[in-house]
Amino acid sequence: MKNSSFLGKYAHALAAALLLAVVTSLLAGCSKKAAESEGIKIGVVMPTTGREGKPGTYQKEGIELAIRQINDAGGLQVGNRKLPLKEIFYDDGSDSAKSAQLTERAMSSDGVTAVIGGYSTALGEAESVMPDRYQTPWITPGAAASSIFAHGYQYAFGTLTPINLLGSTTAEFLGSLVDQGKLKKGLKIAMALENTDHGVDYGNGIERWLNQHPGYFKVVFSEKFDLGGTDFSGLLQKVKQAKADIFLSDAHLQDYITMQRQYIQSGMHHQMISYGARGPEADARKALGDGVDYIFAGIWWSDKLPYPQVQKFAADYQAFTGRKVDSWYAATAYEAVRALAAAIQAAGSLDKTAIRDQLRKLEMKDSLVPGQVLKFGPNGQVGYAFVMVQNKPDNKVDIVYPKDAATGEVIAPTPVSK
Amino acid sequence: MTFIDFLNLLIAALLLAGIYAVMSVGMTVIYGVMKIVNLAHAGFMMTGAYFAYEVYERLHLDPILAALLAFGFFFLVGIAVHWLLVRWLPPSDRPTLQSLLLMFGLWLVLQNIGYLIWGNTDRSILTPRTLDLVHLGPITISSLRLVVFVAAVGCMALLEVALSRTWFGRSVRALIQNRYAGRIVGVDTEKTARLTFGLGIAFAGVAGALLATLFSFDPDFGRPFLLRAFVIIVLGGLESVSGVALGALILALVETFSILLVPAEYQPAISFGLLVVVLVVLPGGIASLWAKRRRLA
């Protein structure tokens, strides 16, 4: 009785506090809307908390750096006015449902001109249904599964090259090692792929290249695993039993760290090993030390690309955030804003369909991406080449493929650790 | 599969079972005595992981030693949480909505405190032992997993001794069997509940600290382990410590060996399929089989 009366005593106070919080946030929302009436409103829907919080934060930083630079230069020329970009940020907490809901809110009630959002395939897929519904351009800098762009959407764009191209470039890179005599022809490949569109696309890309180039390699094992696994010993045992020469996995960062740790702890070794787009991340190096040496990865961007604009971006990013650019996340987000800005200026108005049309025609020739040209394909997704990097001892990461961008020689086959 | 492969897998399953047991036992003792489903267990595991990380980074102490320190620290945290929040819950013979909501809310609060302090960056503990291997002929074992297993089994053994040889243990067992009968024979229910809650949280902290040596972690750490802990305590019987050890062993064996027969993507389905089967066929868990046998004898 004493306990229930205690709760009852505070129930009214709690209810009053909640009501006050709701009213305050509503008032804050109203004043915010009034303040944002000038300028071009860009919705940014990214995860800065939850599972994808870290890469989402990097992407947000890339977006904000681009917005800052555009505004510092006086804003965008729209007709006869110069307008600044105004970011409206939404944290989706790495939750697909929330991501879709926030994108809808940005496009419907918050009246943004365009949305940049969707780090990771799952969140990008959830958001991708909204752009055509509200006829608002949407650019994802962090979702690359081709399934997102296979629905014929007219307002959806992506600055990441499709994952199946990552698979085929990985196989092409391995093929080039056979041509150079570093690997033997006919080696056996074991694949462990995350059970997402990302993983499926990666596997399909590899299989497609192998079918087009018979005799180079043979897939002897291919299986999927669930995201966020806690134990991969059974799966790795199956990989071991397959007696393959090359181990190719496709995993997100946490799974990459867990799986590679268990891989080493199982005493396994392959001539070449890759975790798809993961490999050179500082977190992995911190977690596994020299246990990540010789892992190669296909990535969308590297700060070692030999273009002046890349060096400038890396320096600007460091000045903006106080940190070195860790991976590709910020670069593709930065390019998404630049592409959108170029399309708005070319459209000469804030008409969303006109902006969409200009995005389709866009050809950005001073881009940060490999090949320096950013151009959206007919399905809305870009198609530039991946660069292959390899971790080396003493915290070194080299671009090893394509040859014209290489900063070091590939080490293949990987040496057996002592 | 060769015999050596089989042995390697069996050892991997046993090592995994040790971890599973220590992460589940805290939930079991709290449920047994207080009938509270401690959803905040994952939050305390997460803070245990960060405790080991901070001790290792700042004091340069071995993470296994940090796990032992975590026991004392989280015991006190548990006592404090009980005094501040849990003791206000109305006593009940079965889980109540209030206790579920309180524990769920506490988990969210812990998670958000984690984000405030450590951000969403993945952390991990890399020691010279992290990638070391022990070779026993053709069998390869991770030395860190072995150490973690020994620490986990040691904790379980100490708990078993405490429960069977001390007055506190007898009080706990009495309350697990029948709260009201325990009170009639003079068990101080309030004090026993407070100490048990502290003990349960201490085990969550130790489990988190041990897991931190094996996995990278962020403030969301603990969620997948919490789901497995549910499977284990349902398998072992909701109120039996030795049942938990057996449940952990069964889950680890099923997870490790089933993957050889079915694709890895179905691994979670197998674990939770097992949970459904046990709930339908053996709602009291494996411990209920022993009780039944004792009754028949």
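**Ground rules.** This is a predicted model, where local features need pLDDT of at least 70, side-chain atom pairs count only at pLDDT 80 or more, and totals for chains, interfaces and linings use all residues. Residues are numbered from 1 along each chain as its sequence is written, with chains lettered from A and ligands numbered from 1 in the order in which they are written.

**Open sheet.** I looked up the strand order and got β4-β1-β5-β6-β7 in chain A, five strands with parallel pairing. Strands here are DSSP E runs of at least two residues, and helices are H or I runs of at least four, numbered from the N terminus. Two strands pair if DSSP finds at least two bridges between them. β4 (85-91) and β7 (156-158) of chain A each have a single partner strand, so one side of each has no neighbour in the sheet. Next I checked β1 (residues 40-46) against β5 (residues 114-117) of chain A: four bridges, parallel. A:G43 sits opposite A:V115 there.

**Around β8.** In chain A, seven of the eight residues of β8 (residues 187-194) are buried, so the strand is largely enclosed by the rest of the structure. Buried means 20 or more other C-beta atoms within 10 Å of the residue's own, with C-beta atoms placed from the backbone. I found A:I189 facing A:V219 in β9(A) and A:I246 in β10(A).

**Chain contact.** I counted 38 residues from chain A and 34 residues from chain B, contact being C-beta atoms, placed from the backbone, within 7 Å.

Conventions
Contact = placed C-beta atoms within 7 Å. Buried ≥ 20, exposed ≤ 12 C-beta atoms within 10 Å, placed from the backbone.
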